[in-house]
Amino acid sequence: MDSLEKPLGGAEFAPKNTYLNTSACGLLPRRAIEAVVLLAEETAAGRPGGAGDFEIVNEARAGYARLVGVAPERVAVGSSVAVHCGMIAQSLPAGSEVLFPEGDFSSVITPFTIRGDLKTRFVPLERLAESIGPDTALVAFSAVQSADGRTADFAAIRAAAAAHGARTLLDATQSAGWLPLRAGEWDYTVAGGYKFLLCPRGASFLTVTEEAQDSLLAIHANWVTGEELWVNSYGPVRELAASARRFDEPVAFLSYHGAARSLALLEEIGIDRIEAHVKGLAARFRAGLVALGHAPVTDESAVVAVPGLGDREDALREGDVLLSVRAGNLRASFHLYNTAADVDRALEVLAG
């Protein structure tokens, strides 16, 4: 097992403070920065191939596919979780019931509630599986809750959804990059790339099973979603891609040139290795909080929430420790570039 005293990723990262805020935004590795700068400079000089390289976009698609255990043909690229969820929401028949955990992230929920003709139901996270019923068309939830770091009971939710014929939508934004994900076990998964996947903002990923693809409307179909890339620039797209690429958004090339390099780094290090590292750091932080008389949310997540300590964010920032406050909780989130020294520094400042 790797020592918690050393970061993973080596010289790829050089934070200037104690950065425990990946749940808000991940640090960019050096290789991703170099890729973005190179493309920007080439574009400024007059790049022969236009604004970016579709082959590099497909490198990112394939890299993400390997990280989550599906074929690249099952991955669509886009700009945000909200856009992916909006496509799924607009594909549901009127009157469909959609089940959510209470307090889940708004970008997962709002695309469904905004329609006005869907039945939306909210239950506590720990009761999500048992609340799936014969009328549930879709259960949508985050693998790790943004507000407090709690993880869902994946096996129970999958089993209950299968028993009642409900489709599943898993948001992996707070988990992809540190928690192993088998995306093929869910009808849909979505993940914003700019957190634990360490990508520039503007890269996000949607996975769709072949069966679920049949009922998903490509509501933002465009020239890049055709089966043949360069024959659909004018007039209607003749034939949509047979794969999940039919759900692609027009590409933000700067984001994806960086994303390809970030995802390659995660693959080189290994998600299992990252998981062990961040869970070890989070456990150290929870134990330290308890020793100081605080009561963090109990879980084995890389995201640690402490109710009642939201007012300490400014003091921590003054101590050069960056965290977030969400739903009144002080929230720390650990990733591969963090070490035991980061944990101890945060505890030192909290001890006052």
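The model is predicted, so local features need pLDDT of at least 70 and side-chain atom pairs count only at pLDDT 80 or more, while totals for chains, interfaces and linings use all residues. Residues are numbered from 1 along each chain as its sequence is written, and side-chain values use heavy atoms, leaving out hydrogens and water.

**The cores**

Select Leu197, Phe285 and Phe334: these have the most contacts inside the largest nonpolar core, which has 84 residues. A nonpolar core is a set of buried Ala, Val, Leu, Ile, Met, Phe, Trp, Tyr and Cys residues joined through side-chain atoms within 4.5 Å; buried means under 20% relative accessible area (1.4 Å probe, protein chains only), exposed over 50%, and partly exposed in between. Around Leu197, display the residues that it touches, including Tyr64, Leu67, Phe205, Leu263 and Leu266, with residues up to four places away in sequence not counted. Contact here means heavy atoms within 4.5 Å.

**Helices 9 and 11**

Next, select helix 9 (residues 271-291) and helix 11 (residues 340-351), whose axes come within 9 Å and cross at roughly 20°. Axes are lines fitted to C-alpha atoms, for helices over the stretch in contact, with angles running from 0 to 180 degrees between N-to-C directions. Helices (H or I, at least four residues) and strands (E, at least two) are DSSP runs numbered from the N terminus. Helix 9 and helix 11 are therefore roughly parallel to each other, the term for angles under 35 degrees. Helix 9 contributes Leu281, Arg284, Phe285, Gly288 and Leu289 to the contact, and helix 11 contributes Ala340, Val343, Asp344, Ala346, Leu347 and Leu350.

**Helices 3 and 4**

Move to helix 3 (residues 81-90) and helix 4 (residues 106-113), where the axes come within 8 Å and cross at roughly 30°. Show Val81, Ala82, Cys85, Gly86, Ile88 and Ala89 of helix 3 against Ser107, Val108, Pro111 and Phe112 of helix 4; these residues make the contact.

**Leu99**

Finally, select Leu99 in strand 3 (residues 97-101). Leu99 is buried, with a relative accessible area of 0%. Residues touching Leu99 include Arg121, Val123, Leu128, Ile132 and Val139, not counting residues up to four places away in sequence. A distance drawn between the C-alpha atoms of Leu99 and Val123 gives 7.7 Å, for residues 24 apart along the chain.

Conventions
Parallel < 35°, antiparallel > 145°, perpendicular 65-115°, else oblique.
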